[in-house]
Amino acid sequence: MNTIILSPDEPAHVRAAPSHRDPSAYYSRLAQEQHFFHDEANGWWVAASAAAVKEVLTSRICLTRPLSEPIPEALLGGAAGQIFGRLVRLRDDDAGDKLRRAVASALRGVDLGQVAVVAHRRAMELDSDAQEMFSVDRTMTFMFALPVQVVAQLLGIPKASFGDVMAWLGDYGAAAAAAATGIPALTAELLARGHHGAQALFELVMKIRRDSQQCGPLLHALANEARRVGCDDETDVVVNAIGYLVQGYVAMASLIGSTLLALARQPALRTQVVADPTLVRPLIQEVLRCDPVTNSTFRFMARDGKIAGHMVRQGEMIIVLLAAANRDPALNPDPDRFDITRADRKFLEFGAGVHACPAEKFAPLLVEVAVAHLLRRGLPFEQLESSLTYAASGHVRTPLFKR
Ligand code: HEM
């Protein structure tokens, strides 16, 4: 069994890495030196090399939830638990497999050209009362608002509800993460807000689903795809429509923030990208590889079995370090070099196997529209670093800018 060797600046463990100032060297080291190991102090396994990460994500004995606790106990008995238990992201049952196909094909079927038009228009609306240049605070508001509001619009949610929807998503997301990972710590207030947010989201999207006039193209496509694969549970459809919002909200905001940071830290690159906005796209791809949002995900063993040559027992948790795998030299030559011109770039930031993210084109597109808009309008790049903190999370790296 491997021991963990910590260097003084390293995060205390893998769940402390996403909110660490700079975990890149830690991830690189784990990818190269500790491919798959047991963290004795915390009781979990860690997959860090690209091969180990792929093996876990494509193994049918590695489940998204423990068999003994499909829904975290703390969420039971309320709306947050109802949503958690029905999301395809957290299900490995047969009905979930069918629904997953519908969720993926509805999202992959959206017209990306149309999405870009909606996103540009929404960016202009959000910007209508802006001053000369974005402030740090406005930049953060914009990065959280734009992409999720586009998803909301595609579902048919009216603009008047966007503010409420964002607050409800934040509350549900915080309660779900706290119940599933302990970060942030779960409090009675967080839980109550999470249930309330989940209930309100459910009622709103169910109402839209029942009104064919209001139902947006993405919700419509999901309902059709679900019917096509033989899934006629309306609650499942509505919850997984909410799932698009849940999955995308913080992730896309975080990717915008990390892309802005990459530009703030590399002024020469910034000059290049401002002069040639077509470079925003490869820039985002390199940020997805080098400073990714989903630093890690996790799996639980359905039964005893061998993973990466180690015997892992039923119920044990494996933390799957996507951020480390992206820095494995087996995927890309010279992986620690940030290079937007990299040919044949490979990364695991959108996962692998049956649960791989179906938004691998959709999400970067919305981020691209947001970043390009901010670059055109101008923002105080030199103030980003000094106003930076990272949100408390065991798995997602979310830069927050506040002056
Ligand atoms: C930068 C943005 C995003 C990143 C980095 C990201 C990353 C991921 C990752 C790593 C997974 C797999 C998790 C696992 O296997 O444990 C995942 C799953 C998923 N993502 Fe994304 N995602 C992003 C945006 C989005 C958006 C915008 C949507 C929807 C509009 C979305 C929908 C989903 C869904 C439905 C799943 C579950 C797939 C399944 O289990 O079948 N994601 N995402």
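1. A polar contact is a pair of N or O atoms within 3.5 Å; within protein, one atom must be able to donate a hydrogen and the other to accept it, and residues adjacent in sequence count only if both atoms are side-chain atoms. Arg299 places a polar side-chain atom 2.7 Å from an oxygen of the ligand.

2. A word on the basis. This is a predicted model, where local features need pLDDT of at least 70 and side-chain atom pairs count only at pLDDT 80 or more, while totals for chains, interfaces and linings use all residues. Residues are numbered from 1 along each chain as its sequence is written, and side-chain values use heavy atoms, with hydrogens and water left out.

3. How many residues surround the ligand? The shell holds 26 residues, each with a heavy atom within 4 Å of the ligand. They divide into 16 nonpolar, six polar and four charged. Here Ala, Val, Leu, Ile, Met, Phe, Trp, Tyr, Cys and Pro count as nonpolar, Asp, Glu, Lys and Arg as charged, and the others, Gly among them, as polar. Helix H10 gives the most, six residues. Helices (H or I, at least four residues) and strands (E, at least two) are DSSP runs, numbered from the N terminus.

4. Which protein atom is the donor to the iron? The single donor is SG of Cys357, 2.3 Å away. Donors are N, O and S atoms within 2.8 Å of the metal (3.2 Å for Na, K and Ca); water is not among the atoms, so sites may look incomplete. Cys357 lies in the loop between helix H13 (322-325) and H14.

5. Now the salt bridges: a side-chain nitrogen of Lys or Arg within 4 Å of a carboxyl oxygen of Asp or Glu. The count is 28. Arg29 pairs with Glu33, with closest N and O atoms 3.6 Å apart. They are four residues apart in helix H1 (residues 24-33), so about one helical turn separates them. Arg29 is buried at 16% relative accessible area, whereas Glu33 is exposed at 54%. Buried means under 20%, exposed over 50%, partly exposed in between (1.4 Å probe, protein chains only).

6. Arg265 and Glu385 also form a salt bridge, at 2.9 Å between the closest N and O atoms. Arg265 is in helix H10 and Glu385 in the loop between helix H15 (381-384) and S8, so the pair ties together parts 120 residues apart in sequence.
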